Amino acid sequence: MPDVTVSTLLKLKQKGEKITMLTAYDATFAQAACEAGVEVLLIGDSLGMVLQGHDSTLPVTLADMAYHTASVKRGNQGALIIADLPFMTNATLEQTLSSSAELMRAGAHMVKIEGAAWLAEPIRQLADRGVPVCVHMGLTPQAVNVLGGYKVQGRSDTAARQLRADAMALDQAGAAMILLECVPSELAAEITQSVKIPVIGIGAGSDTDGQVLVLHDMLGLSLSGRVPRFVKNFMEGQNSIKGALAAYVHEVKNRSFPAAEHGFSA
């Protein structure tokens, strides 16, 4: 496929065509995902759990992220690569710029940062320096100890208004993308319509501009045995990993995934 860029994703949103994103952590799976038609590869700090065996994303280091970003880049065949800034690597503006530079040098085309409207100034600074930013909102795993666990966010009227306002502020600040995790489907649809930039969902219903899943989850692999509500095992009915990846792309594109049972209500 032709190289996917920020402009490509914006055009897909404007056309109403769903965007497909999957996590990838190495060259082999990056290549396989590209061959299936996945448009965005996310090197998530989820690698701390699915690759390293930790019980959260917090132990992941910037060096870990740069290593896996470089690995994915070697197998990439035209997808847009996004890399997570791991826990506390964006505690100050100077640190945010330095950490982002390291991931971009490793091969990322965009960095992903967990947060809300308080990220507006770092986003402006990064955009001015040529670094597009995806903001991860809703359930933000790095803040799990503050949130009190992995819980759906934005269910109260106050929380929903705040999420909408934050998303609009980040759009205006120059964010290139928003990722919404575990928010009510109706709220996610409202936010998607309220901003100009693409909104990717995970546990956020079917009306976002695209979907993302953790690779290991959609292949039916889990260390803990716990399967989140928003996950579908795409290996079922397939005889190969490549078939599962292609099925994921097909079902996101034709809007059969996610179904109503994969989302949450207010």
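Colleague: Hi! How many cavities of 30 Å³ or more does the count come to?

Modeller: The count comes to one cavity of 30 Å³ or more. A cavity here is a set of points, on a 1 Å grid over the protein atoms alone, where a 1.4 Å probe fits but cannot get out. Please keep in mind that this is a predicted model, in which local features need pLDDT of at least 70 and side-chain atom pairs count only at pLDDT 80 or more, while totals for chains, interfaces and linings use all residues. Residues are numbered from 1 along each chain as its sequence is written, and side-chain values use heavy atoms, with hydrogens and water left out.

Colleague: Good to know. How much space lies in the largest cavity?

Modeller: About 40 Å³. A volume is the space filled by probe spheres set on the grid points, which are joined across faces, edges and corners.

Colleague: And which residues line the largest cavity?

Modeller: Lining residues have an atom within 4 Å of a point. Here they include Gly201, Ile202, Leu213, Phe230, Phe257 and His262. The elements giving two or more residues to this lining are β7 and β8, and β8 has the largest share, with three residues. Those labels come from DSSP runs numbered from the N terminus: helices are H or I runs of at least four residues, and strands are E runs of at least two.

Colleague: How does the lining of the largest cavity divide by class?

Modeller: It divides into seven nonpolar, five polar and no charged residues. Ala, Val, Leu, Ile, Met, Phe, Trp, Tyr, Cys and Pro count as nonpolar, Asp, Glu, Lys and Arg as charged, and the others, Gly among them, as polar.

Colleague: Let's switch to pockets. What volume does the largest pocket have?

Modeller: About 870 Å³. A pocket is an open set of points with protein on both sides within 12 Å along at least five of seven lines. The largest pocket is lined by 38 residues, and the closest to its centre are Met49, Val214, Asp217, Arg226 and Pro228. The elements that give two or more residues to this lining are α3, β4, β6, β8 and α10. By class, the lining has 18 nonpolar, ten polar and ten charged residues.

Colleague: Which residues lie nearest the centre of the second largest pocket?

Modeller: Gly115, Ala116, Trp118, Thr140 and Ala143, out of 20 lining residues. That pocket holds about 410 Å³ of space. Helix α8 supplies the largest share of its lining, four residues.

Colleague: Now the core. Which residues in the largest nonpolar core touch the most other members?

Modeller: Met21, Leu41, Leu180, Leu213, Met218 and Tyr248, in a core of 86 residues. Helix α11 gives the most to this core, six residues. A nonpolar core is a set of buried Ala, Val, Leu, Ile, Met, Phe, Trp, Tyr and Cys residues joined through side-chain atoms within 4.5 Å. Buried means under 20% relative accessible area, exposed over 50%, and partly exposed in between, with a 1.4 Å probe and protein chains only. In soluble globular proteins, nonpolar side chains tend to be buried together.

Colleague: What does Leu213 touch, not counting residues up to four places away in sequence?

Modeller: Its partners include Met21, Ile202, Phe230, Phe234, Tyr248 and Phe257. Contact means heavy atoms within 4.5 Å.

Colleague: How many aromatic pairs does the structure hold?

Modeller: Three. Rings of Phe, Tyr and Trp (its six-membered ring) pair if their centres lie within 6.5 Å; planes under 30 degrees apart count as stacked, over 60 as edge-to-face and the rest as tilted. Phe234 and Tyr248 have ring centres 5.4 Å apart and planes at 85 degrees, so the pair is edge-to-face. Phe234 sits in the loop between α10 and α11 and Tyr248 in helix α11, so this pair ties together parts 14 residues apart in sequence. Phe234 also pairs edge-to-face with Phe257, at 5.3 Å centre to centre and 85 degrees between the planes. Phe234, Tyr248 and Phe257 form one aromatic cluster.

Colleague: Is Tyr248 buried or exposed?

Modeller: Tyr248 is buried, with a relative accessible area of 0%. Phe234 counts as buried at 2%, and Phe257 is buried at 3%.

Colleague: Last one: where is His68?

Modeller: His68 is in helix α4. With a relative accessible area of 14%, His68 is buried. Leaving out residues up to four places away in sequence, His68 touches Tyr25, Ile43, Leu47 and Leu51.
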